[in-house]
There are 4 protein chains.
Amino acid sequence: MEITSTDMEQFNENPLYRTLGIRILEVGKGSARGLLEPTEIVCWPFPGQPHGGILYTLMDTTMAWAILSGLESGYNCATIHLDIQYTAPAKGKRFYCVSKTVFRAGRIHFMQGEVRDAEERLVAMAQGTFRVIKIDR
Amino acid sequence: MEITSTDMEQFNENPLYRTLGIRILEVGKGSARGLLEPTEIVCWPFPGQPHGGILYTLMDTTMAWAILSGLESGYNCATIHLDIQYTAPAKGKRFYCVSKTVFRAGRIHFMQGEVRDAEERLVAMAQGTFRVIKIDR
Amino acid sequence: MEITSTDMEQFNENPLYRTLGIRILEVGKGSARGLLEPTEIVCWPFPGQPHGGILYTLMDTTMAWAILSGLESGYNCATIHLDIQYTAPAKGKRFYCVSKTVFRAGRIHFMQGEVRDAEERLVAMAQGTFRVIKIDR
Amino acid sequence: MEITSTDMEQFNENPLYRTLGIRILEVGKGSARGLLEPTEIVCWPFPGQPHGGILYTLMDTTMAWAILSGLESGYNCATIHLDIQYTAPAKGKRFYCVSKTVFRAGRIHFMQGEVRDAEERLVAMAQGTFRVIKIDR
């Protein structure tokens, strides 16, 4: 599935991303890059720090886009499992996530990703497995 | 830290929970029970299904409350790692999360949790480690 | 696949199990129970404590047996991922592992397991996903 | 702790490594490289393929050496959790593991590692957290 930057801009308008502060910046060849500019809403319980679940959501969705970039249309993907480690408190206005397919075995993709703050400090790292699924119509 | 139901009602008013549709129902003795009534906002990309990251957020925060229920005031906790498995598509209006401390080794808590839909069908299961931290003042 | 206790005794004679000190005690209905009586060989680097990798091996193989107990003959299973947490130092002569299929989604089994010492103290807990595979002949 | 190649040769003589077929090749600056030349004993239940628990043991111990290489003497480390994904069947005579500390937060090390066969094919990838501990004397 080719995903142009115009497509991506449209996807980025979905209410989930807009509410949390997520945007996918780049997608292609089994990798993706996403951005979290956390809204005030998601900075709880610590002011100025996005909730760990929001960093996870950034990670999970950036991994999914890395997979989608390599699929034919009519297919989507679903997370089987994701293991996330939080390395440092997430302080700041911007968090960048990079993810990639490390290995593909049939319909199963083995993914890796990390989230860094604007100063390149690692705040989370993850690995996970996703399953490619055919979209029912 | 004793957490009365009045306390909990107040905590449940935070903007993150309200925006996603999370509420903590019960807390005590190293366990907690949370509820997700997903708002429309979080049901993306599949209408009627909360994003996997939102189920994760429910899991993570319910685990944190299980830990907090056993801590003295002046302490909080932080996720070191969390491993989540998605067993079935999350369809429905209500998802219940149950979490508990399975073992405590000094400042590290080893947690387990699961999320079920209103028909008791398992949609996610997780285990994780959390670290107790002293709150800076 | 029905696995009688005579079958199991034969399986338990394999060189891997005998060298490490593993024995499967019970298998059936999506669950299994295994035992590690660690040989001197595997108690390294700490005398009297089996290496964490050996506890993992006990966990992984006990999970596999839980799955095998429910499969027709001609099928086997392979670990996709396994997440293990070590809760306490493993001291003692005997470690019991209990595992079960928590959920099955088509060919994917979602598993849970734990290892306790002879005093019932938890030393490791795990969750993992396995895939059922058809045996090539 | 400085670990010379003579030290390493001695460590490699321990009965666990010799029985399984493990050897640590290089250690230093927060990373390590290990080798598994699986003995016949560990190739069960599939002839010619080391058991997944043995690949795990290689991963876990190589990560531990990566940490040890940066510690002062009198300290050791213990696995808190390790998440391993198996990407492809492990066929062959030699498997190389590379591991590194990705981030260190006080006493907790966040690790990453992978195992490849002699043709560089990825067979397992992992991440984990380890805790530095003071050795009791």
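How many residue pairs in polar contact does the rule find across the interface of chain B and chain D?

1. The model is a predicted one. Across the interface of chain B and chain D, one residue pair is in polar contact, both residues being at pLDDT 80 or more.

2. On the side of chain B that touches chain D, three strands each supply at least two residues: β3 (75–86), β5 (108–117) and β6 (122–134). β3(B) gives the most to this side, with three residues. By class, the residues of this side of chain B are four nonpolar, two polar and two charged.

3. The contact is made by eight residues from chain B and eight residues from chain D. The two chains bury about 620 Å² between them, and carbon and sulfur atoms account for 68% of that area. Within chain B, the residues that lose the most area to chain D are I80(B), H81(B) and I108(B), which together make up 55% of what that side buries.

4. The same surface serves both copies, since 100% of the contact residues of chain B recur in chain D.

5. Two cis peptide bonds should be noted when the backbone is checked. In chain A, the bond from W44(A) to P45(A) is cis, with omega near 5 degrees. P45(A) sits in the loop between β2 (31–36) and α3 (52–68) of chain A. In chain D, W44(D) and P45(D) are joined by a cis peptide bond with omega about 0 degrees. The loop that holds P45(D) runs between β2 (31–36) and α3 (52–68) of chain D.

6. K29(A) is not a glycine, yet has a positive phi of about 50 degrees. This residue belongs to the loop between β1 (22–28) and β2 of chain A. Is K29(A) buried or exposed? With a relative accessible area of 86%, K29(A) is exposed.

7. E120(D) also deserves a look: phi is positive, about 75 degrees, although the residue is not a glycine. E120(D) lies in the loop between β5 (108–117) and β6 (122–134) of chain D. The relative accessibility of E120(D) is 55%, so E120(D) counts as exposed, the cut-off being over 50%.

How values were computed: Residues are numbered from 1 along each chain as its sequence is written. Chains are lettered from A and ligands numbered from 1 in the order in which they are written. This is a predicted model: local features need pLDDT of at least 70, side-chain atom pairs count only at pLDDT 80 or more; totals for chains, interfaces and linings use all residues. Side-chain values use heavy atoms; hydrogens and water are left out. Contact means heavy atoms within 4.5 Å. Buried area is the accessible area (1.4 Å probe) that two parts lose on being put together, summed over both. A polar contact is a pair of N or O atoms within 3.5 Å; within protein, one must be able to donate a hydrogen and the other to accept it, and residues adjacent in sequence count only if both atoms are side-chain atoms. Helices (H or I, at least four residues) and strands (E, at least two) are DSSP runs, numbered from the N terminus. Ala, Val, Leu, Ile, Met, Phe, Trp, Tyr, Cys and Pro count as nonpolar, Asp, Glu, Lys and Arg as charged, and the others, Gly among them, as polar. Buried means under 20% relative accessible area, exposed over 50%, partly exposed in between (1.4 Å probe, protein chains only).
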